[in-house]
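Work through the exercises below with the sequence and the model side by side. Try each task before reading its solution.

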Amino acid sequence: MISSGTGCYNGVRTRVLSVGGDGPPVVLLHGYADSADTWRAVLARLAHAGRRARAIDLPGFGWADRRQPGPLLPQFDTFVDDLLAETGPAVLVGNSLGAATAVRAATRNPGAVRAVLALNDPLNARHLPARLARRGHLPDQVWHAAAMMPIPAGVLRWATGHAVRRVLYGPGVAADPAVVARWRRTVCGPASLAALGRYAFQYALETADGHRDLRIDCPAVVAHGAKDRIIPVQASRVLHQQIPGSSFVVLPRSGHCPQLDDPHEVTRLIMRLP
């Protein structure tokens, strides 16, 4: 059974989904604009396997407190550092932004991270959309105008559902209606959509140099969905090369969020970590 509770890390109050069990704790970090709910299928499988785990809403997402003004990276980093101070030594698992956050945390906290699994890490992406996003800062007026666009609610609901089915999942995989509903609640109007775009651009700018100076001595697995329509597999291949001794896995049927369309395989990868 998945329990829902609360926690506070580096002053940020947040929601924690957890399952009981044995072994080193598994800490699950979601991607941009997502929430701990994305890990429910994995949490259920870990519970069945008798492994304790927790999924956390990162700052500004899900039920967590809003982020503070200013750079994003330090806020994610200090949040996870404080989480590890309470939970570690732990197995860190992340998807997309959560993967990048986990990799960075493993470099800073070698004694608190037993192993790391990075799913579809975006930082080394160098395809055209990534290059365009990192080209420069968009004026505030652009985002203010986007927030005021008269998009009918029905159109936004349809577009959000279509994007979730096409972008987050691999081709031919049926989207969970609960996942679609959660994303529709997140993208509830033009203002929320503009905010997501604004901070996505900010994160892209802050991570324009990709991963640098990685020092990860614990076991590491870098995995990527072969059908990812957001981040090319090459980004994870580069990350694998940056982490000596890491393993590299391509998940043939998965899109950008393997925990959604292939939770069995993600759980298997986690269970193989020490």
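**Exercise 1. Which residues in α5 meet which residues in α8?**

Solution. Before starting, note that this is a predicted model, in which local features need pLDDT of at least 70 and side-chain atom pairs count only at pLDDT 80 or more, while totals for chains, interfaces and linings use all residues. Residues are numbered from 1 along each chain as its sequence is written, and side-chain values use heavy atoms, with hydrogens and water left out.

Step 1. Locate the elements: α5 covers residues 140-147, and α8 covers 190-206. Helices (H or I, at least four residues) and strands (E, at least two) are DSSP runs, numbered from the N terminus.

Step 2. List the contacts, where contact means heavy atoms within 4.5 Å. From α5 come D140, W143, H144, A146 and A147, and they meet P190, A191, A194, G197, R198 and F201 of α8.

Step 3. Sort them by class. Ala, Val, Leu, Ile, Met, Phe, Trp, Tyr, Cys and Pro count as nonpolar, Asp, Glu, Lys and Arg as charged, and the others, Gly among them, as polar. The contact of α5 with α8 then has seven nonpolar, two polar and two charged residues.

**Exercise 2. Describe how the axes of α5 and α8 are placed.**

Solution. Step 1. Two packed helices are described by the angle between their axes and the distance between the axes. Axes are lines fitted to C-alpha atoms, for helices over the stretch in contact, and angles run from 0 to 180 degrees between N-to-C directions.

Step 1. The axes of α5 and α8 come within 7 Å and cross at roughly 150 degrees. That makes α5 roughly antiparallel to α8 (under 35 degrees is roughly parallel, over 145 roughly antiparallel, 65 to 115 roughly perpendicular, the rest oblique).

**Exercise 3. Which residues of α6 are buried, and which are exposed on the face turned away from them?**

Solution. Step 1. Helix α6 spans residues 153-168, 16 residues in number. Its first and last C-alpha atoms are 22 Å apart, close to the 22 Å expected at 1.5 Å a residue; the expected span is 1.5 Å times one less than the number of residues.

Step 1. The buried residues are L156, T160, G161, V164 and L168. Buried means under 20% relative accessible area, exposed over 50%, partly exposed in between (1.4 Å probe, protein chains only).

Step 2. The arc is that of the directions from the helix axis to the C-beta atoms.

Step 3. On the face turned away from the buried side are the exposed residues G154 and W158. The cover over the buried residues includes α7 (177-186), α8 and α10 (258-261).

Step 4. A153, also in α6, is exposed, with a relative accessible area of 58%. Its C-alpha atom is 9.0 Å from that of P190, 37 residues apart along the chain.

**Exercise 4. Where do the buried residues of α9 lie around its axis, and what covers them?**

Solution. Step 1. In α9 (residues 233-242), V233, A235, S236 and L239 are buried. They fall within an arc of 155 degrees seen down the axis, so they line one face of the helix.

Step 1. Their cover includes α3 (97-108), β6 (113-119), β7 (220-225) and β8 (247-251).

Step 2. H240 also lies in α9 and is partly exposed at 25%. Apart from neighbours within four places in sequence, H240 contacts V222, S246, S247 and F248.

**Exercise 5. Is L28 buried or exposed, and what does L28 touch?**

Solution. Step 1. L28 sits in strand β3 (residues 22-29). With 0% relative accessibility, L28 counts as buried.

Step 1. Leaving out residues up to four places away in sequence, L28 touches W39, L43, R54, A55, I56, V93 and I270.
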